[in-house]
Amino acid sequence: MKEETSKKELFETMPVGKALMTMAIPTIISQLVNLIYNMVDTIFIGQSGDAYKTAAVTLVFTIFMMTISFGNLFGVGGGSLMARLSGSHQEKQAKSVCAFSYWGAVSIAVLYSLLIWLFTDPILKFLGASSNTMEFCRQYVFYVVILGDVPMIASGAGAHLLRNTGYSKEAGFGLTIGGLLNIVLDPLFMFVLLPKGNEVAGAAIATLLSNVVSFVYITWQLARLSSSSVLSINPSEIRLIRKEDIKSVFSVGVPSALLTGLFDAANMVLNSLMAGHGDLQLAAVGIVMKAERLPNAINVGIGQAMLPIVAYNYASGNHGRLNAVINKARVWGYSISAVTIVLYEVFAHPVCSIFLSTSNGAAEATQTIAYAEAFLRIRCLASPFQFTNFNTSFCMQAVGYGSGTLLHSFMREIVFYIPFMFLLNAAFGQTGLVSAVVLGEFCGGVFALLLFRRWKKKNLSFAMQ
């Protein structure tokens with residue numbers, strides 16, 4: 001009972017800054033640790049001085065990111081609904097939604113693994129794998145996706161379910177221990193246990209084992225907390241779910257998944273177009289996408305922390321608190337973006353050099369770093385616009401505005417970003433291609449703000465800023 005009371009205080013009465021911080025700190029830490037372990041793969045692989053291995057990891061990263069979209073399908077869709085049901089005091093319905101979401105994530109993970117296993121080579125060729133990168137791509141996909149999809153997707157969805165019911169610390173710890181373990185296992189498998197030349201396979205095996213540990217921990221927490229909260233992984237709870245709840249899960253979850261999926265698709269287009277300029281340029285843009293994930297991880301963490309508080313207070317009718325949470329999150333996010341631009345403009349070279357060793361004097365590695373440095377200085381300018389897109393999308397997911405999330409995702413990636421890539425690539429080559437993200441994110445952010453402002457005027461009890 002005491003724990004339930006503390007969660008209610010978190011959502012209803014705790015000062016906005018403290019409540020957001022309570023949710024945000026473990027979420028951001030887990031985001032950063034998982035970012036670090038993804039970076040570690042690239043960093044350690046880069047120590048081989050082989051730019052083709054770095055290019056391979058860049059190519060398969062898009063397949064890896066698709067797993068996040070499937071986790072969001074049930075994790076964000078189910079989690080945001082659970083927060084709204086809790087806010088309207090419908091605890092039994094929230095439990096059935098939790099069980100449905102967890103087992104839905106497991107099921108779709110099995111299907112995705114099977115699909116990738118059956119069509120590995122055609123998919124890799126479509127993404128732009130060359131004779132120099134194909135075998136490295138196969139190694140990473142086999143361990144991380146084909147074998148590792150179930151633990152990765154289920155742990156991601158489970159973390160969302162925990163977080164959206166106030167258990168941000170447990171969700172963050174579950175993802176963090178996997179990330180820390182991966183950092184430890186990476187050099188062990190890459191440089192000790194496997195023969196030289198198998199760095200990509202070693203990194204992939206380390207990632208697989210780390211995801212299994214996160215999966216076990218998060219599943220245990222969901223089961224442990226089921227007796228004192230709205231959480232549940234009991235399959236028998238699924239039979240109690242209402243049709244309107246299933247519809248609500250998908251109305252938010254599908255747009256959230258598509259948001260990640262379309263973002264991933266845009267990166268596939270970027271990789272494909274950049275591969276046309278050369279494998280070294282492809283490796284360089286892969287380095288940049290790793291580097292720019294640092295501010296994005298922090299801003300996504302802020303958004304994920306904000307979402308359940310906004311959802312709960314929307315359902316309970318406390319729109320003033322909802323407004324205050326959104327504004328506080330915006331102040332934090334734009335501050336992070338401003339710092340990012342300054343740091344990356346000043347320290348582009350040392351940041352990029354972390355990911356690929358030039359100590360052996362390889363001309364390819366030196367040239368790759370030069371490309372990456374130039375690309376990073378351009379792409380970091382998109383940071384505040386990316387935050388605008390993240391923040392507004394999380395707001396729409398929180399209040400159940402799935403159609404708005406879907407429309408925003410489509411406009412951001414399909415109408416703005418991808419066409420800008422083709423146009424600027426044709427006009428200015430590789431420099432224009434990496435510049436497209438700035439213009440695309442700006443247009444997407446403006447559209448998102450206008451869309452959400454229109455929704456607020458129709459649905460909230462007073463005009464919000």
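This is a predicted model: local features need pLDDT of at least 70, side-chain atom pairs count only at pLDDT 80 or more; totals for chains, interfaces and linings use all residues.
**Helix packing.** I looked up how helix α7 (residues 149–163) sits against helix α9 (residues 199–224), and found that they pack at an angle of about 40° with their axes 8 Å apart, in a crossing that is left-handed. On the α7 side the contact includes Pro151, Met152 and Leu162, and on the α9 side it includes Val212, Phe215 and Ile218. Sorting the contact residues by class, I noted 10 nonpolar, 5 polar and no charged residues.

**Cysteines.** I searched for disulfides and the count came to 0.

**Salt bridges.** My search of the whole structure gave 8 salt bridges. I looked closely at the one between glutamate 292 and arginine 379, where the closest N and O atoms are 2.6 Å apart; this pair links distant parts of the chain, with glutamate 292 in the loop between α11 and α12 and arginine 379 in helix α15, 87 residues apart. Both partners count as buried, glutamate 292 with a relative accessible area of 9% and arginine 379 at 3%.

Also in helix α15, arginine 377 and glutamate 373 lie 4 residues apart, about one turn of the helix, and their side chains meet in a salt bridge at 2.8 Å, N to O. Arginine 377 is partly exposed at 28% relative accessibility. Lastly, I recorded a network of salt bridges linking Asp121, Glu135 and Arg138.

Methods. Residues are numbered from 1 along each chain as its sequence is written. Side-chain values use heavy atoms; hydrogens and water are left out. Axes are lines fitted to C-alpha atoms, for helices over the stretch in contact, and angles run from 0 to 180 degrees between N-to-C directions. Helices (H or I, at least four residues) and strands (E, at least two) are DSSP runs, numbered from the N terminus. A crossing is left-handed if the near helix is turned anticlockwise from the far one by less than a right angle, and right-handed if clockwise. Contact means heavy atoms within 4.5 Å. Ala, Val, Leu, Ile, Met, Phe, Trp, Tyr, Cys and Pro count as nonpolar, Asp, Glu, Lys and Arg as charged, and the others, Gly among them, as polar. A disulfide is a pair of cysteine sulfur atoms within 2.5 Å. A salt bridge is a side-chain nitrogen of Lys or Arg within 4 Å of a carboxyl oxygen of Asp or Glu. Buried means under 20% relative accessible area, exposed over 50%, partly exposed in between (1.4 Å probe, protein chains only).
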